[in-house]
Amino acid sequence: MRQKIVAGNWKMNLCFEEAEELVEELIDLLEDVELKADVIICPPFPYLEMASDYAQEELFNIGAQNISPFEAGAYTGEVSASMLKSMGVTHCIIGHSERRKYFNEDDKMLTAKVNQALMHDVTPIFCVGESLPEREAEKHFEVVRRQVRHGLFHLDTGEFSKVIIAYEPVWAIGTGITASPAQAAEMHAYIRSLIAERYDDQVAGQTLILYGGSCTAKNAAELFAQPGVDGGLVGGASLKAEEFVEICKLAI
Ligand code: PGA
């Protein structure tokens, strides 16, 4: 059985006070439930220390939303994997479509980020997903295949086994339109088949693949019930403590 995971991607939202309030609300709610899923919250960089202090309660892990492709040194504005690790960050979102689009992160840069994360024992949550025109042109499998291959398939089996993948169709992110459960299941199975081809069935069977894109308390149960869907990467709904915890409860 693969461990279910629900990760909250806060993106560039909330001031410090609001962020602290959200963490406190999450703790109150999470203390009262027995979850099957592991919970990860991914606040913006400046709030990681605060969140990491609260994470001592062991109710959730802390993820970053970005990581430098470089090790250390004269890279103004960057945050390295070793810095994240030293602050108690365990996971990092890499290859999110917003970073690919607005910050021109290409396959080469993403490979370097994945390598940095793994080198410092930070688990990559590696995002892949096609745009609407790509799906309409029936290129979604081809696009996702390229992203997975270029971003991850240089890793050896031991390294690859530490990676979490998130399938996030770009047309579903922040739009209120989710992939249908069947579409999610189909793509998750496809990604798993690529992993089996590159590594083996055992590695494919153990890889965690999350779904992301307008995941809410209303649709999560059905999505998470699909074979091959191991939980979710939740954006907008992760900013509301009650809804986020509801979603976590649905990952069974
Ligand atoms: P959303 O974002 O849930 O707001 O669609 C998901 C994500 O971008 O990770």
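Predicted model: local features only at pLDDT ≥ 70, side-chain atom pairs only at ≥ 80, totals over all residues.

Residues are numbered from 1 along each chain as its sequence is written, and side-chain values use heavy atoms, leaving out hydrogens and water.

**Exercise 1.** Find the order in which the eight strands close into a barrel.

*Solution.* Start with the terms: strands (E, at least two residues) and helices (H or I, at least four) are DSSP runs, numbered from the N terminus. Two strands pair if DSSP finds at least two bridges between them. Now follow the barrel: its order is 1-2-3-4-5-6-7-8, with parallel pairing. From one strand to the next, the twist averages 25°.

**Exercise 2.** Work out where L26 sits and what it touches.

*Solution.* First, locate L26 in helix 1 (residues 16–31). Next, check its relative accessible area: at 0%, L26 is buried (under 20%; exposed is over 50%, partly exposed in between, with a 1.4 Å probe and protein chains only). Finally, list contacts (heavy atoms within 4.5 Å): beyond residues up to four places away in sequence, L26 touches W10, I41, A241, F244 and V245.

**Exercise 3.** Decide whether R192 is buried or exposed, then list its contacts.

*Solution.* Begin in helix 9 (residues 181–198), which holds R192. With a relative accessible area of 12%, R192 is buried. Leaving aside neighbours within four places in sequence, its contacts are R2, A204, G205, T207, I209, G228 and D230.

Key. Axes fitted to C-alpha atoms, helices over the stretch in contact; angles between N-to-C directions.
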